[in-house]
Amino acid sequence: MDGGRLRQRNLSAVLSRVHRRGGMTRADLTRELGLNRSTIGDLVIALADAGWVTEVDDAPRLGAGRPSPRVVATDDRLVIAVNPELDAVEVGLVALGGRVLERVRVPAAQPTVEDAVAIAASTARDLAERNPRSRVVAAVAAVPGLVRSDDGLVRVAPHLGWREQPFGTLLAEALGVPATAVNDAQSGCQAELAFGAGSGTRSMVYLNGGASGIGGGIVMDGRLLQGRDGHAGELGHLGIDTDGPRCACGARGCLEAMVDRRAVVRELGLEHPDDAELATAIAESRDHALGALLTAQFGSLRAGLRSIATALNPEMVILGGYLATLWTVVSESERHNALSDALPAVAADLRIEIAALGANRLLIGAAERAWEPLLDDPLGTSGNQASTGTPRDARSPSSASRSSSSTGSSMAPIASRADSARVEPITGQ
Ligand SMILES: [Zn+2]
């Protein structure tokens, strides 16, 4: 490895750690990275000069000696994260460290792609104006549907009624920064991996039960598994029972048709409960039919977990949304036996955890996708496009998503090109 490449890798290692941990001392960085103190000092200064980090003296003083300042991420660069949903479009301003500085929810009944882009653009402009000392370097959308990882094309988002919509490209054109789109459950998975229950794991599966079904994400070797087109992790359509009820996808007995939140909501006679209300209603119910329904659903969830464990052998499975509720309301012994019929070798040390992050997780996780290429090459030294790239080029979402899904690639299109959009990242419409 040549010196430049080595330095890029070290810069990436320092910034990635500061990002994930919310700040670290030089001493801790030195120890963890196995580099000498002067090298760490040089890397920290380079990142500070580029505006990525600053050093703060907020550590408690322990005994004699100088307190060690912490290297923390600045708010110099921000990502706009967008989450179009059935009833609203959420737009957030996300800083390094998974910090959502602002989040705005704009009500919109089943927004069209044009609606969602317009809302995202005007909200992003307001947010950027309120944070004039920062600059927006990328945008990303978490979409409830199948999204092609190459270019952020939404193949189908059934509940929104979107088909073959180039949402990432439209967002990039409206915002004037590189943009892409990702699947919402994969976003939740990335957030839990970076800052939640999955922090520190190398292999995990995230399963989320939402109002419209079950989504998922798979992490292997510390990276989100994409599959050929980015659709890996659609675990709601794992086949559980070929004689089961018809699924929205057309097949019978998919996991999400068997573990159906709506059936529980109906049984309880509720209207549109959020997860907390649903959990409370289940806990207070003495309805035997509900008990039988939950037991049957838990049996199907067990079958799904067994398939996941067998196919992937992860360290951890994280359950979010309704699946976390279901996991919590069954008995201790049912939880204990959840994997009793799985292969002992894969079940033995498999941990099943509840998602740790709250309502911000989709925005945080989507932003992770946008940060990835920047963290890989913080100073944009590996790309030759920096000097020639125009804002128009910078809008290619395919370059963003390709580099984010590659391992240690030499591409850094967002980092280098985003600088060309520095002056006025959010353009007026
Ligand atoms: Zn299905």
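Buried residues make up 47% of the 429 residues in this protein. Buried means 20 or more other C-beta atoms within 10 Å of a residue's own; exposed means 12 or fewer; partly exposed lies in between; C-beta atoms are placed from the backbone.

A word on the source. This is a predicted model: local features need pLDDT of at least 70, side-chain atom pairs count only at pLDDT 80 or more, and totals for chains, interfaces and linings use all residues. Residues are numbered from 1 along each chain as its sequence is written.

Overall make-up next. The protein has 17 helices and 16 strands. These are DSSP runs, numbered from the N terminus: helices are H or I, at least four residues, and strands are E, at least two. Now contacts, meaning two C-beta atoms, placed from the backbone, within 7 Å. Take those between residues at least 6 apart in sequence: 67% join residues at least 24 apart.

On to the core. The largest nonpolar core holds 112 residues. Such a core is a set of buried Ala, Val, Leu, Ile, Met, Phe, Trp, Tyr and Cys residues joined through C-beta atoms within 7 Å. V79, A120, A139, V140 and L171 have the most contacts inside it. Helix α14, residues 361–376, gives the most to this core: nine residues.

Look at V79. Leaving aside neighbours within four places in sequence, V79 touches V94, V137, A138, A139, V140, A367, A370 and W371.

Last, A279. This residue sits in helix α9, residues 275–284. Why is A279 partly exposed? Because 17 other C-beta atoms lie within 10 Å of A279. Beyond its neighbours within four places in sequence, A279 contacts T325, T328 and V329.
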